[in-house]
Amino acid sequence: MTVSGPTLVGTAYEAVIGLEVHSQLLTASKMFCGCSSEYAGASPNSHVCPVCLGMPGALPVLNGRAVELAVRAAHALGCAVQDISIFARKNYFYPDLPKGYQISQYDRPLATGGAVEFETAGGARRVNITRVHMEEDAGKSLHEGYADSETRTYLDFNRSGVPLIEIVTEPDLRSAADAAEFFSRLRAMLVAIGVNDGNMEEGSLRCDANVSVRPAGDQKLGVKTELKNLNSFRHVQKAIEYEIERQIDVLSGGAAVEHETRLWDAAGGRTLSMRGKEEAHDYRYFPEPDLPPLTLERAWIDEIRATLPELPDARRRRFVDQYALPSYDASVLTSSRELADYFEATAAASGNAKASSNWIMGALSAKLNDLGITLADVRLTPDRLAGLIRLIDAGTVSGPVTRDVFEKMFASDSTAAEIVEREGLARIDDQEAIVAAVREVLGANPQAVEQYRAGKQQTFGFLVGKVMKATRGKANPALVNDLLRRLLDENGS
Ligand SMILES: [Zn+2]
């Protein structure tokens, strides 16, 4: 389908984005047979049997644990879990799909409805969930790594039949950054509830994005393209950003966006046309004759909900209530369980939640970004960070010294108190020492003193800076301000 329109030069466009996320379920065995579901690292075709190789006559037997994990994820997303859902055959030919069809769910999915809510710097976001359904994964085509890879493709069926859920969102996202943030939140949630291992590089969590653009204010949706198999937050963001720009260029030039499937070429930083988009009828769905309808007891469904841990969204709300944090802080801190745990441990040990939040969202996060590491790699424990916060609150250290102590703690196993003691970084509250430093600075900067007395107030800040520098940042800033003002006024009158 194509839609053409007039050339719209200077028109403001709005992007409309929906995601389809495939999450493997953390089961020991595959979805319809007893083969190990471990596929990464195992030698090719070592975890296979007639069922997952699609041999004629082999019959599927549903893995109960997979259903349990799928229901767990559906609950966490706030979905309504259906008493009865139906497995269906999705027919298509692809070398890594030995049966010639994938067992999936179609018009009667496991769960419907639900939503994920989060805060961004740009405001609150709500992404509605259309459906969660179960399906089996395909095998893997190996295009490289063999002597004759130039001319042959090899097939590994270890992943064939590994259980998945597909989570489909409504087209509620409006920017690439929000889409990446949603995907990141979803990953954190699935990992927190023990449904997925979060290993995106190995493909246990991957995402397709449906992207279209329309003139801002229009209600009608534009023609969408589907970006396949995005397996990192960065790829999600970059691919969608590129695709939005590409579609705007196409429409601005008076042409029409093609309804197609596109691939993200990470090396080239662009999306490439892969094939025309299939419609549902191309798959000739029909109910899977080898499996009965999946019938779940309401009591069992409710029992699973009762075993869920505190979810990120509930934790975010608790952080606002319990610690009086701004909603944005709470949202950032609950973006992963590790970060939220780190914050709670720091807040408990320091007795100062807001300062804990500031240090973690500021200095500590900057470190993680700069070094490209995660919290798991960090030596600085919540206890030691709390020690610094307590020293600041007690007035032992202040000003630029605090950042210096933080840097030294981050790079060592020393406590803040040890560093302050060893390096003589304690705050100078001794009036005489500060007065001496102030006098020295005034003597050395007669011009600035003249300017201040002539009414140039900014000069005062310059002189404060000089005194702080002379005391290596250790002087009590309040005392410096006070004494500097007093001496300037005294000598001036
Ligand atoms: Zn098998």
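Not counting residues up to four places away in sequence, Ser 104 touches Ile 86, Phe 87, Ala 88, His 133, Met 134 and Glu 135. This is a predicted model, so let us walk through what its coordinates show around this residue and beyond. Ser 104 sits in strand β5, which spans residues 101-105. With a relative accessible area of 1%, Ser 104 is buried, because buried means under 20%. One of its neighbours, Glu 135, also meets it through a polar contact between the two side chains, at 2.9 Å.

Now to the nonpolar cores. The largest has 73 residues, and Met 134 is among those with the most contacts inside it, alongside Leu 19, Leu 77, Ile 167, Phe 182 and Ile 240.

| Core | Residues in core | Some members |
|---|---|---|
| Largest nonpolar core | 73 residues | Leu 19, Leu 77, Phe 182 |

What is Ile 240 in contact with, leaving aside its neighbours within four places in sequence? The partners are Ile 17, Leu 19, Ala 176, Ala 179, Ala 209, Val 211, Leu 227 and His 235.

Finally, a helix pair. Helix α9 (residues 382-393) packs against helix α11 (residues 416-423) at an angle of about 60 degrees, and their axes are 8 Å apart. That angle makes α9 oblique to α11. From α9, Gly 387, Leu 388 and Leu 391 make the contact, and from α11, Ala 416, Ala 417 and Val 420. By type, the contact residues divide into 5 nonpolar, 1 polar and no charged.

Technical notes. Residues numbered from 1 in each chain as written. Predicted model: local features only at pLDDT ≥ 70, side-chain atom pairs only at ≥ 80, totals over all residues. Heavy atoms only, no water. Core = buried A, V, L, I, M, F, W, Y, C linked by side-chain atoms within 4.5 Å. Buried < 20%, exposed > 50% of the residue type's maximum accessible area, 1.4 Å probe, protein only. Contact = heavy atoms within 4.5 Å. Axes fitted to C-alpha atoms, helices over the stretch in contact; angles between N-to-C directions. Helix = DSSP H or I, 4+ residues; strand = E, 2+ residues; numbered from the N terminus. Parallel < 35°, antiparallel > 145°, perpendicular 65-115°, else oblique. Nonpolar A, V, L, I, M, F, W, Y, C, P; charged D, E, K, R; others polar. Polar contact = N/O pair within 3.5 Å; in protein donor to acceptor, adjacent residues only side chain to side chain.
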